[in-house]
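Please examine the model shown below. The explanation that accompanies it moves from the sheet to the helices and then to individual residues.

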Amino acid sequence: MLNQFSRTQLVLGKEAMDILANSRVAVFGIGGVGGYTVEALARSGVGKLDLIDDDRVCITNVNRQILATTKTVGQYKVDVAEERVHDINPDCEVKTYKTFYMPDTKDEFDFTQYDYIVDAIDTVKGKLELVMNAKAADTPIISSMGAGNKLDASAFEVADIYSTSVCPLARVMRYECRRRGIKKLKVVYSKEKPIRPYEDMSISCRRHCVCPPGARKCTVRRDIPGSTAFVPSVVGLIIAGEVVKDLTRFDRGNR
């Protein structure tokens with residue numbers, strides 16, 4: 001029967017669509033990268049999505065985050081994402097967690113219930129904890145490396161963490177994964193050298209922070225990264241594509 005996923009089924013086939021409809025994917029981090037990942041997974045027919053992020057939409061998110069508009073500023077990102085997913089697929093089961101994922105919050109999640117995990121968070125400690133828990137549960141995971149301060153969306157590629165180079169975040173993750181005995185980790189990264197952001201205090205969050213009291217603030221960073229509309233979106237869509245292909249074990253040559 002004709003439905004919102006019919007065009008996808010023409011490419012993947014009914015068996016693959018059934019797999020997606022019965023899959024549960026957890027997306028940690030619903031920002032520039034993770035928001036587009038959620039969008040593509042919902043539009044691909046994934047039947048269960050767990051969305052994890054404690055952040056609210058900020059006016060500075062509007063330039064690059066699919067969930068961020070002038071109407072959604074101030075709302076929790078996971079709430080905006082849940083509504084959008086249900087507008088796409090009312091049958092999708094969505095669980096939201098207003099949680100900042102770190103070692104002290106890991107016990108809120110049972111990693112064995114997921115068919116796939118997406119790491120789209122931006123703290124090394126949280127990323128490593130995600131990877132360790134995913135590996136312990138034998139659950140596939142894909143991790144986003146640095147997308148900020150970059151302009152070449154075409155430079156991003158899928159690789160194992162130990163095959164990466166240039167990206168500063170990937171370098172740290174390589175070292176830490178090796179220390180922890182992690183033998184492989186699928187990532188999306190770019191060899192483009194990050195651009196040094198302008199120190200323009202007239203538009204800097206350091207001088208004009210609009211985060212509500214008690215919120216985690218980007219001003220704690222050494223540098224506040226710049227970003228564009230077209231780089232994080234590409235990374236998020238690449239990640240979603242890998243999730244869909246891995247879940248369905250899709251190989252067009254073997255159709």
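This is a predicted model: local features need pLDDT of at least 70, side-chain atom pairs count only at pLDDT 80 or more; totals for chains, interfaces and linings use all residues.

Residues are numbered from 1 along each chain as its sequence is written, and side-chain values use heavy atoms, with hydrogens and water left out.

Seven strands form an open sheet in the order 3-2-1-4-5-7-6, with mixed pairing. Here strands (E, at least two residues) and helices (H or I, at least four) are DSSP runs numbered from the N terminus, and two strands pair if DSSP finds at least two bridges between them. Strands of a sheet pair through backbone hydrogen bonds, either parallel or antiparallel. Strand 3 (93-97) and strand 6 (156-160) are at the edges with a single partner strand each, so one side of each has no neighbour in the sheet. From one strand to the next, the twist averages 20 degrees. Strand 6 and strand 7 run antiparallel and are joined by five bridges; Ala-159 stands opposite Val-187 in strand 7.

Helix 3 (residues 32-43) packs on this sheet and touches strand 1 (24-28), strand 2 (48-52), strand 4 and strand 5 (141-144). Its direction makes about 165 degrees with that of strand 1, where angles run from 0 to 180 degrees between N-to-C directions and axes are lines fitted to C-alpha atoms, for helices over the stretch in contact. Helix 4 (residues 77-88) lies across strand 2 and strand 3, at about 175 degrees to strand 3.

Helix 2 (residues 14-21) packs against helix 8 (residues 231-248) at an angle of about 110 degrees, the axes being 9 Å apart. Helix 2 is therefore roughly perpendicular to helix 8 (65 to 115 degrees). Ala-16, Ile-19 and Leu-20 of helix 2 meet Val-244, Leu-247 and Thr-248 of helix 8, contact meaning heavy atoms within 4.5 Å.

Asp-119 belongs to strand 4 (residues 116-119). By contrast, Ile-203, in the loop between strand 7 (186-190) and helix 7 (205-208), is exposed, with a relative accessible area of 67%.

Definitions and conventions. Angles under 35 degrees count as roughly parallel, over 145 as roughly antiparallel, 65 to 115 as roughly perpendicular and the rest as oblique. Buried means under 20% relative accessible area, exposed over 50%, partly exposed in between (1.4 Å probe, protein chains only).
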